[in-house]
Amino acid sequence: MIDIQEDLDLIRSRLADELKIAGRYGTGPWAMFKGVIAELARKGMRNRLLLIVCAFSLQNMSGAAAINYYSPTLFASLGIKDVALYTGIYGLVKAVASVIFYGLLIDLWGRRNPTIISSFMCSVCLWIVGSYVKIGHPASVIAAGKQLSPSTAAGGTAATAMIMIYSVFWSFGLNGIPWIVSAEIFPGSVRNFTGTFAALMQWLTQFIITKALPYIFNSFGYGTWYFFATWMLIATAWSFFFLPETKGKTLEDMDNIFGYKSQWSTESIESAREDEASGNVDKV
């Protein structure tokens, strides 16, 4: 019964906060929209939006989306002939690793440290793959109708293993952490809008990188792997210096982390109860 009452208090609190945000501009959806925009423009909210922009931009600069969309080209550059098989294995490994991490480990390991470790190890894997392509140039050998030397073939096997290891590490880092953090750092009163903004950033940056990848690959060649490896180093530094740990944090903790001074959040539950008593908030 206590848990039910707490849930009801949280719902009333959210409704009260939404009414207060919209109330400064009138009533209706347009007033709510203007109120949310004004709220997100405040200090302590702007840096949260910037965090989301960086998180989803780095997610798509990790190379994972590029491998998903252009796996035939990228796997062929490793000298792999059965591209469809290895593309399927890559997707399966990534899916299994994601289920294990987000189903069992996410609340044990947190958000920040897995992202740091994941980004760094993904970078290491991509540097190794790029170095193999640079030294062994297997794609050009196969295109010329020649057989790969034993050492080059062995290097291709190792590079393929690095891609699979990359998929495991990526699965518990920037694969899903940006979505979790974007849902945890914002108060419920603006979460409908910030969730939409997070989705917009994800699909916008993914669209840009997937459209640009053919040109990147044609221009950089083996350097494409170095390109994404460098971005993963940037992601490592970013997550170390700028990504806060959000596991187990309350919204008041988030306000303190991001330097936000709420106008009403500490009194929201009492206010919601008063609104309910006066008929301003419908009973739940």
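**Exercises on a helical model**

The second largest pocket has a lining of 15 residues, and those nearest its centre are Gly 79, Ile 80, Lys 81, Leu 148 and Ala 153. Let's start there, after two notes on the model.

This is a predicted model, in which local features need pLDDT of at least 70 and side-chain atom pairs count only at pLDDT 80 or more, while totals for chains, interfaces and linings use all residues. Residues are numbered from 1 along each chain as its sequence is written, and side-chain values use heavy atoms, leaving out hydrogens and water.

**Exercise 1. Describe the second largest pocket by volume, main contributor and residue classes.**

Step 1: On a 1 Å grid over the protein atoms alone, a pocket is an open set of points with protein on both sides within 12 Å along at least five of seven lines; a cavity is a set where a 1.4 Å probe fits but cannot get out; and lining residues have an atom within 4 Å of a point. Points are joined across faces, edges and corners, and volume is the space filled by probe spheres set on them.

Step 2: The volume of this pocket is about 230 Å³.

Step 3: Helix 9 (residues 150–171) contributes the most to the lining, with four residues. Helices here are DSSP runs of H or I with at least four residues, strands are E runs of at least two, and both are numbered from the N terminus.

Step 4: The lining divides into seven nonpolar, six polar and two charged residues. Nonpolar covers Ala, Val, Leu, Ile, Met, Phe, Trp, Tyr, Cys and Pro; charged covers Asp, Glu, Lys and Arg; the others, Gly among them, are polar.

**Exercise 2. How many helices and strands does the protein have, and what share of its residues is buried?**

Step 1: Count the elements: there are 14 helices and zero strands.

Step 2: Of the 284 residues, 45% are buried. Buried means under 20% relative accessible area, exposed over 50%, and partly exposed in between (1.4 Å probe, protein chains only).

Step 3: Look at contacts (heavy atoms within 4.5 Å). Among those between residues at least 6 apart in sequence, 81% join residues at least 24 apart.

**Exercise 3. Find the residues with the most contacts inside the largest nonpolar core, then list what Phe 186 touches.**

Step 1: A nonpolar core is a set of buried Ala, Val, Leu, Ile, Met, Phe, Trp, Tyr and Cys residues joined through side-chain atoms within 4.5 Å.

Step 2: The largest one holds 57 residues, and Leu 78, Tyr 90, Ile 163, Tyr 166, Ile 185, Phe 186 and Trp 225 have the most contacts inside it.

Step 3: Beyond neighbours within four places in sequence, Phe 186 contacts Leu 40, Met 45, Arg 48, Leu 49, Ile 52, Arg 191, Thr 194 and Leu 251.

**Exercise 4. Which residues line the two cavities of 30 Å³ or more?**

Step 1: The largest cavity, of about 50 Å³, is lined by Leu 51, Ala 55, Thr 115, Leu 174, Ile 177, Pro 178, Val 181, Trp 238 and Leu 243. Helix 3 (46–60) and helix 10 (177–184) are the elements giving two or more residues to this lining.

Step 2: By class, that lining has eight nonpolar residues, one polar and no charged.

Step 3: The second largest cavity, of about 30 Å³, is lined by Ser 62, Gly 63, Ala 66, Ile 67, Leu 74, Leu 126, Trp 225 and Phe 228. Its lining counts six nonpolar, two polar and no charged residues.

**Exercise 5. How many salt bridges are there, and where does Asp 255 find its partner?**

Step 1: The whole structure has four salt bridges, each a side-chain nitrogen of Lys or Arg within 4 Å of a carboxyl oxygen of Asp or Glu.

Step 2: Asp 255 pairs with Arg 48 at 2.7 Å, N to O. This pair links distant parts of the chain, with Asp 255 in helix 13 (residues 251–258) and Arg 48 in helix 3, 207 residues apart.

Step 3: Check burial: Asp 255 is buried at 11% relative accessible area, and Arg 48 is buried at 0%.

Step 4: Turn to Arg 111, which meets Asp 107 at 3.3 Å, N to O. Shared partners join Asp 107, Arg 111 and Glu 184 into one network of salt bridges. Arg 111 is buried at 5%, whereas Asp 107 is exposed at 53%.
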